Amino acid sequence: MSKSQGLKALNALFKPTSLPPKQPPSPPPQGLMDPLAPGNPLHSLIHASNTLPQLHQIHAQIFLHNLFSNSRVVTQLISSSCSLKSLDYALSIFRCFDHPNLFVFNALIRGLAENSRFEGSVSHFVLMLRLSIRPDRLTLPFVLKSVAALVDVGLGKCLHGGVMKLGLEFDSFVRVSLVDMYIKIGELGFGLQLFDESPQRNKAESILLWNVLINGCCKVGDLSKAASLFEAMPERNAGSWNSLINGFVRNGDLDRARELFVQMPEKNVVSWTTMINGFSQNGDHEKALSMFWRMLEEGVRPNDLTVVSALLACTKIGALQVGERIHNYLSSNGFQLNRGIGTALVDMYAKCGNIKSASRVFVETKGKDLLTWSVMIWGWAIHGCFDQALQCFVKMKSAGINPDEVIFLAILTACSHSGNVDQGLNFFESMRLDYSIEPTMKHYTLIVDLLGRAGRLDEALSFIQSMPINPDFVIWEHYFKLLQLEPKHPGSYVFLSNVYAAVGRWEDVERVRTLMKNRGVEKDPGWSYIEVEGQVHSFVAGDHAHVRAEEISLKLEEITASAKQEGYMPETAWVLHNIEEEEKEDALGSHSEKLALAFGLISTAPGSTIRIVKNLRVCGDCHSMMKYASKLSRREIVLRDIKRFHHFKDGTCSCGDYW
């Protein structure tokens, strides 16, 4: 049913000033005991069904005993089918029942709405009206939820009119649903008006009504109105505090959010999760993890979302040791490796440099979905493990899961990092031919990168010229046509500046930098993280702020001198400034990943692995230095840059210098 058809139907059906009275539920067939009467186990049997096969067996017994004509049995069957996510089975039960009443319709409309089958929910509401069955206070909230999800303003307003004709506009359950519906369809003004017109008893009895409106104001960024509503509340619960805190978090005002969090009389797991997620989303991952451990110290058990948020913070800064502590906590406290937690753990281990643990957790994760497979394939890809990425791709298809566009991004990345050009091109063609997936700009960019890395520049140019969509700046970046295409993207300017500097065209370098300044474009500063004994330390280029800065500097000088004796030569072409060679060497020595390396060498036990996270692509000189350092220190050095992982060991890198 289209939205316009639904609107016409609702307009027509709500036109009468009154509707027929409620229909009483169908009585049980003559001669039969009420199947849901006290002492009859049928109701509890249906309700206790944990699997669809169990429900099928009970359904068969209902047929054998001629009980399917009872509406209460049918209502329970539909409700249980919906709770088991078997919507088609619920619909088939409904279609086979000849005399649906209010209870049957309510069960189906609710089940469809709660399983995101919103159009089906609305269409069965329309059918209910056509059969002259009067909706009640339990029908309308789920229809309003469906209309909100469909973001249909016309249907929403029409339904509001119908609610008024039914005389249910002051029912607390319905009124909250109406306000929520208006907020979600983008009509906050109507929601506020409805709230203002609500009788005092509605406002006094329903904290939820206030909370819904506060949440709505926060979503549209009107935090001033949200705060004034919060202050005016006759009574608040944890949901009231959480809604306002979440609003400030989403707006990036963590100081105000933290202030409210401290004032909150009783914090629940949602409160803690909101703050942990807020710090992480706003880039303060160390604070997010500190908050997570504080929550545990105060005896609050995290939920799945809390755990995922904490693991995400570990992932962002490469805090492997902290991630392992969280994993140990989960194992010791009865948490299951479901798809949510399992996927987050796989992602954390993969992006913190321990791909073996990522693979082990992946195998143990129950109920893997497309996202779980995607994360594992990405993990293999960024570690340069093409064969394992391909095997995972094949196993995913054998498990009956078809790839999507994200999976193809991962497998193309694996091809690019390993130089498997022809296989990458085959995968690209397979997207359209085998899976009817139209490539996005990211897929085209990966193919250009794949061809360019292999030196097949003519093919790359022909590929760009044959693209059915206009190439963006990232693609043309490889051919120096970028400033006019994406004038605000710093990567474009930095790339061109690098090219000019490499060939000594310093006037052009200065011209590009002046253009950046005039256009207000800023280059992202380089930083690196390293974790030592569960504590994350950060460094920026030229950093002298660390408490052990002098020791770090001396260690770096020692490494550089030893590496030079082994044949290391600073690759000064990576320094963009038109300065003397000696000064260029000094500039290279201050790169953040080298500072992190030196700190790792003086702070960790001999022979232990050093893990570093870098926010930009590692430069050629630092890459070279890491190889020498791994040989001299007899350690494995794992460096994650913005593109991939580099595993340095015994003077070589896992990328084979192909990155």
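Modeller: A definition comes before anything else: contact means heavy atoms within 4.5 Å. The model is predicted. By that cut-off, W210, L213, I214, C217 and C218 in α13 meet L223, K225, A226, L229, F230 and A232 in α14.

Biologist: Why are α13 and α14 called roughly antiparallel?

Modeller: The axes of α13 (residues 207–219) and α14 (residues 223–232) cross at roughly 160° and come within 7 Å. Angles over 145 degrees count as roughly antiparallel, and α13 and α14 are therefore roughly antiparallel to each other. Their crossing is left-handed.

Biologist: What classes of residue make up the contact of α13 with α14?

Modeller: There are 10 nonpolar residues, no polar ones and one charged.

Biologist: What makes α9 roughly antiparallel to α10?

Modeller: Helix α9 (residues 153–165) packs against helix α10 (residues 172–184) at an angle of about 165°, and their axes are 11 Å apart. The angle is set against the cut-off of over 145 degrees, and that makes α9 roughly antiparallel to α10. This crossing, too, is left-handed. From α9 the contact takes G156, K157, H160 and V163, and from α10 it takes V174, L178, M181 and Y182. Sorted by class, these are five nonpolar, two polar and one charged.

Biologist: How do you know that α25 is roughly parallel to α27?

Modeller: The axes of α25 (residues 405–418) and α27 (residues 441–453) cross at roughly 10° and come within 9 Å. Angles under 35 degrees count as roughly parallel, and on that basis α25 is roughly parallel to α27. On the α25 side the contact has E405, F408, L409, L412, T413, C415, S416 and H417, and on the α27 side K442, H443, L446, I447, D449, L450 and R453. Seven of these residues are nonpolar, four polar and four charged.

Biologist: Why is S146 called buried?

Modeller: Buried means under 20% relative accessible area. S146 has a relative accessible area of 0%, so S146 is buried. The residue lies in helix α8 (residues 140–150). Not counting residues up to four places away in sequence, S146 touches A113, F118, S121 and V122. Its C-alpha atom is separated by 8.8 Å from that of L112, 34 residues apart along the chain.

Biologist: What makes C619 count as buried?

Modeller: C619 has 8% relative accessibility and so counts as buried, the cut-off being under 20%. Its place is in the loop between β3 (610–614) and α35 (620–633). C619 and E593 are 26 residues apart in sequence, with 9.8 Å between their C-alpha atoms.

Biologist: Why does V151 count as partly exposed?

Modeller: The partly exposed range lies between the buried limit of 20% and the exposed limit of 50%. V151 is at 47% relative accessibility and therefore counts as partly exposed. V151 sits in the loop between α8 and α9, and its phi is positive, about 50°, although it is not a glycine.

Biologist: How do you know that E533 is exposed?

Modeller: Exposed means over 50%. E533 has 73% relative accessibility, so E533 counts as exposed. E533 is found in the loop between β1 (527–532) and β2 (535–540). Its phi is near 50°, a positive value in a residue other than glycine.

Biologist: Which residues of helix α5 are buried, and what covers them?

Modeller: In α5 (residues 87–96) the buried residues are L87, Y89, A90, L91, I93 and F94. Their cover includes α3 (52–64), α4 (71–83), α6 (102–114) and α7 (118–130).

Biologist: Which residues have the most contacts inside the largest nonpolar core?

Modeller: I78, L289, I326, L345 and I377 do, in a core of 157 residues. Leaving aside neighbours within four places in sequence, I326 is in contact with L289, F292, W293, V307, A310, L311 and C314. Another core, of 27 residues, lies apart from the largest one, and A563, I612, M625 and I637 are among its members.

Biologist: How many helices and strands does the protein have, and what share of its residues is buried?

Modeller: The protein has 35 helices and six strands. Of its 659 residues, 50% count as buried.

Note on methods:
Residues numbered from 1 in each chain as written. Predicted model: local features only at pLDDT ≥ 70, side-chain atom pairs only at ≥ 80, totals over all residues. Heavy atoms only, no water. Axes fitted to C-alpha atoms, helices over the stretch in contact; angles between N-to-C directions. Helix = DSSP H or I, 4+ residues; strand = E, 2+ residues; numbered from the N terminus. Parallel < 35°, antiparallel > 145°, perpendicular 65-115°, else oblique. Left-handed = near helix turned anticlockwise from the far one by under 90°. Nonpolar A, V, L, I, M, F, W, Y, C, P; charged D, E, K, R; others polar. Core = buried A, V, L, I, M, F, W, Y, C linked by side-chain atoms within 4.5 Å. Buried < 20%, exposed > 50% of the residue type's maximum accessible area, 1.4 Å probe, protein only.
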